[in-house]
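This report describes how two parts of one chain meet. The sequence and the model are shown first.

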Amino acid sequence: MGDLVRLSVEDGVGVVTVENPPVNALSPGVPEGILDGVQRFGSDENVRAIVLIGGGRTFIAGADIKEFGKITSGEKRRGPGLISVIEALENSSKPVVAAIHGTAFGGGLETAQGCHYRVALRSAQVGQPEVKLGIIPGAHGTQRLPRLAGLSKALEMCALGDPVSAADAADHGIVDRLIDGSGYTELLAGAVSFAAEKAAAGGPHPKASELTDNLPTPDEAAPVFAAARELAKAKRRGFMAPLKAIDAVECAVTLPFSEGIKREAEIFQECLFSTQSKALIHAFFSERRVRKVPDVPKETATREIRSAAVIGAGTMGGGIAMAYANAGIPVRLKEVTQEALDCGYATIRKNYERSVRRGRFTPEYVQQRLALITPQTGWDGFEAADIIVEAVFENMALKKAVFGDIDRLARPGAILASNTSTLSIDEIASSTSRPQDVIGHHFFSPANVMRLLEIVRGAATSKDVVATSMALARRLRKVGVLVGNCHGFVGNRMFHPYRREAQFLAEEGARPAEVDRVLYEFGAAMGPMAVGDLAGLDVGMRVRKEAPHLYPPGTRRPLAEDALCEMGRYGQKTKAGWYRYGQDRSRHEDPEVDAMLKRVAAEAGIEQREISDQEILDRVVYALVNEGARILEEGFALRASDIDIIYLYGYGFPAFRGGPMFYADTVGLGKVLARVEEFHSQHGHWWRPASLLKELAENRGTFSEWDRSR
Ligand code: 3H9
């Protein structure tokens, strides 16, 4: 306990320092250590006030999330832990000041709300991000925060979970004084002098639980709650916790504090045991686990990336250049012709201007970023670049020619990355004299926005190139996932059967809009037909033509999208695909498509029938799961949870389902396998169950356990 919380006295002020790196989470021993400190200083005549501070880079970033799994699995019971500490802080007769730097999140902010006062560095952030883990604040945050900050701010923070800057927190009464300075030392000095001032001024010191000035009457509050519920439904569609958090905050208005905290505890418990919470906690840890590559330890030396060069100023190349510029890395952007370059650069400008209009970036920020991008048609400066990213048209011969060029130009030790979305990195690398420096950096469109980066390791890619790529992904504010070199890598390889089944369903009689609705209601950002229209149906058609091995003789081929392409319906870009599009991009069902589906089915002898929502869901989602399992058994992804991250960050899979593999775990692999086998007997070849799925299902296993066993 002594290790986790340190006590000292500065200028007659007792300082309780939490020392639980890296984020000072409230792990077992921390609440007890704080309580001990408050009690000792409370009875120490030489101490007139108390400061609670975090050692290292942050205040308390919240409860220890690892503990939640122990509670829900029955390994451990939830104790009074933090709540009794918060009550002790609030009931202290000596003033208690929370000194905040880094992040005061979740239980950390709730602990600070138990203190009489809060001071913060200007760089600090505070927040109640619990809803992002599928739970609600469970240490009285839903009851104290509205009393401190007012209803609207508390609702926004508890229901949406986004962090708030120290200045904003100060404007809303959450922080009492902002402290200038850049680190712990200035914060501590400021907090100690603030605490001494308050001690000198005398009590009573404010208790957030007793404040009433900021609380409206239930009648006044009713429209505020209604608006908050609407906003939560729109911004966090399908998530349960935001609405539950609003229910809890409502109790701050309708019930006395002592009753409100009881309701909060009940709702917290209900959320904690929900499947959504387990899924979101899985996503939290998976996002962090994905950085760990077993044979590339943390200590692996990385190459320095001070400058970059991108070849190809199309949609992908332009977005990649923006991602580099946004990370402060100067980047050269090359196109073959001046015309194509001008067009690409104009798109970059337009995208930045849109961000300014939306208030995402300031005009000054955009000027700085644009200054980091050098558009050019020649190779100037490529010889000095630390990384060269190829983003030309998806064609092997072209890519090999480009890699041949950059092999001659690039300095020794430069990383040569390809943004290919399907092609073999090994074959691309074979056109260079340095395959150890070649790697895939598969960005997702728009590359300046989408968080996923698939990092494709070739047979010869050196470990330091892998380590540098993983670190670079974080600098680019991406989630980098290491994958193996197979056709389509992980994301697109799985997406292929997903979209194939969607087509088959349409050919068998499901209306395209119905297929999309089922997936949308499942929580996906978009259904498979709408995605096809957005990406362009000709892309799939080209793959079917260029990679015939994907459809061995005798297997069922999807017909509908080829037929749509023959009708000139390539998707949104031709204003028609699975849907017809208005000038404003509005989507409409089109009888021509229904007629085409009937014709295609009749010609191929496919019997059309009524198809249930459940069948639609199972066929498209289990197509993902079965292919995911095959990828795992073949070793092209390190973990099932890596696949989940790819789908959450690159394909709009609903976060509250945890990703396709975790979703399969929650359904039960036995049930999933039974359904896959049923589809296998009905539809043949494509549904052959993956051996790993079979093995786990037959042994009552899960993908999560399989990950842990490795
Ligand atoms: C809560 O408080 C409920 C309350 O209402 C109380 C109810 C009674 N626990 O993200 P990073 C680990 S719910 C355990 O890479 P960054 C993380 O796994 C909680 N572990 O650093 C990683 O481990 P590893 C509300 C945690 O600088 C390492 O720390 N709070 C926790 O990019 C570094 O993390 C939250 O939801 C935790 N709470 O970002 C805050 N937090 O090295 C969640 C981190 O082994 N945390 N770890 O991979 C965050 O948002 C970010 O971690 C933070 C730092 C912004 C703090």
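Between them, domain 3 and domain 4 bury about 2,700 Å², and 67% of this area lies on carbon and sulfur atoms. The model is a predicted one. The size of an interface is often given as the accessible area lost when the parts come together. On the domain 3 side, the residues that lose the most area to domain 4 are Arg493, Met494 and Phe522, which together make up 30% of what that side buries.

| Domain | Residues |
|---|---|
| domain 1 | 5–273 |
| domain 2 | 308–483 |
| domain 3 | 487–611 |
| domain 4 | 613–710 |

The centres of domain 3 and domain 4, taken over C-alpha atoms, are separated by 22 Å. Domain 3 gives 33 residues to the contact and domain 4 gives 31 residues.

Polar and charged pairs also join the two sides. There are 13 residue pairs in polar contact between domain 3 and domain 4, with both residues at pLDDT 80 or more, and the count of salt bridges between these domains is 6.

Which elements give two or more residues to the side of domain 3 that touches domain 4? They are helix 19 (491–507) and helix 20 (512–522). Helix 19 supplies the largest share of that side, 12 residues. Sorted by class, the side of domain 3 that touches domain 4 has 20 nonpolar, 9 charged and 4 polar residues.

Definitions and conventions: Residues numbered from 1 in each chain as written. Predicted model: local features only at pLDDT ≥ 70, side-chain atom pairs only at ≥ 80, totals over all residues. Heavy atoms only, no water. Domains from an automatic or database assignment. Contact = heavy atoms within 4.5 Å. Buried area = accessible area lost by both parts, 1.4 Å probe. Salt bridge = Lys/Arg side-chain N within 4 Å of Asp/Glu carboxyl O. Polar contact = N/O pair within 3.5 Å; in protein donor to acceptor, adjacent residues only side chain to side chain. Helix = DSSP H or I, 4+ residues; strand = E, 2+ residues; numbered from the N terminus. Nonpolar A, V, L, I, M, F, W, Y, C, P; charged D, E, K, R; others polar.
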